[in-house]
Amino acid sequence: MVRGRRSGIRNPAYTLPMPLFEHHLFVCCNERPPDHPRGCCSAKCSVAIRDALKAAVAQAGLKGRVRVNQAGCLDQCELGPTIVVYPEAVWYGHVRLEDVPAIVSEHLLGGRPVERLRLSAEQINQKRG
Ligand code: FES
């Protein structure tokens, strides 16, 4: 069965103006019990980081061009708080609240990922524990 544009059926989802984000950030805000062996990003201030990122993006005039979303577990818990930025698929780990200005100014405005926060391909998706 042919769907969407090829079907000839007008689907409103294809005709609405969709924003094309230059960057889309997903901030893990997963919350687990304090005794969970993997911990969680919420216990390491990820909710405050998400809020600060949203505010900094708006302050920088990037609203509508950059989207910051809360995510569930990104499965890099031991490296959290974790953030992934698309379309580049840049992963940040051990992010702190004070790192937010660098993420906005260097990465989102300057186009250069913040290397000191970046998780390497070898660090991501390693089996732990
Ligand atoms: S709890 Fe944040 S990556 Fe799993």
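The model described here is a predicted one.

Two packed helices are described by the angle between their axes and by the distance between those axes. Here the axes of α2 (residues 46-59) and α3 (residues 100-109) come within 9 Å and cross at roughly 45°. The crossing of α2 and α3 is right-handed.

## Overall organisation

The protein contains 3 helices and 4 strands. Read from the N terminus, its elements follow the order α-β-α-β-β-β-α.

Of the 129 residues in the protein, 26% are buried. Among the contacts with a separation of 6 or more, 62% are between residues 24 or more positions apart.

## The buried side of helix α3

The buried residues of α3 are Val100, Ile103, Val104, His107 and Leu108. They cover an arc of only 115° around the axis, and therefore lie on the same side of α3. An α-helix has 3.6 residues a turn, so residues three or four places apart point the same way.

The cover over the buried residues of α3 includes helix α2 together with the strands β1 (23-28), β2 (66-71) and β3 (83-86). After α3 comes Gly111, which has a positive phi, near 80°.

## Val84 in strand β3

Strand β3 is one of the elements that cover the buried residues of α3, and Val84 lies in this strand. Is Val84 buried or exposed? A residue is buried if 20 or more other C-beta atoms lie within 10 Å of its own. Val84 has 20 C-beta neighbours inside 10 Å and therefore counts as buried.

Which residues are in contact with Val84, leaving aside its neighbours within four places in sequence? They are Phe26, Leu74, Ala89 and Trp91. Val84 and Leu25 are 59 residues apart in sequence, yet their C-alpha atoms are 5.8 Å apart in space.

Note on methods: Residues are numbered from 1 along each chain as its sequence is written. This is a predicted model: local features need pLDDT of at least 70, side-chain atom pairs count only at pLDDT 80 or more; totals for chains, interfaces and linings use all residues. Axes are lines fitted to C-alpha atoms, for helices over the stretch in contact, and angles run from 0 to 180 degrees between N-to-C directions. Helices (H or I, at least four residues) and strands (E, at least two) are DSSP runs, numbered from the N terminus. A crossing is left-handed if the near helix is turned anticlockwise from the far one by less than a right angle, and right-handed if clockwise. A residue is buried if 20 or more other C-beta atoms lie within 10 Å of its own, exposed if 12 or fewer, and partly exposed in between; C-beta atoms are placed from the backbone. Two residues are in contact if their C-beta atoms, placed from the backbone, lie within 7 Å. The arc is that of the directions from the helix axis to the C-beta atoms.
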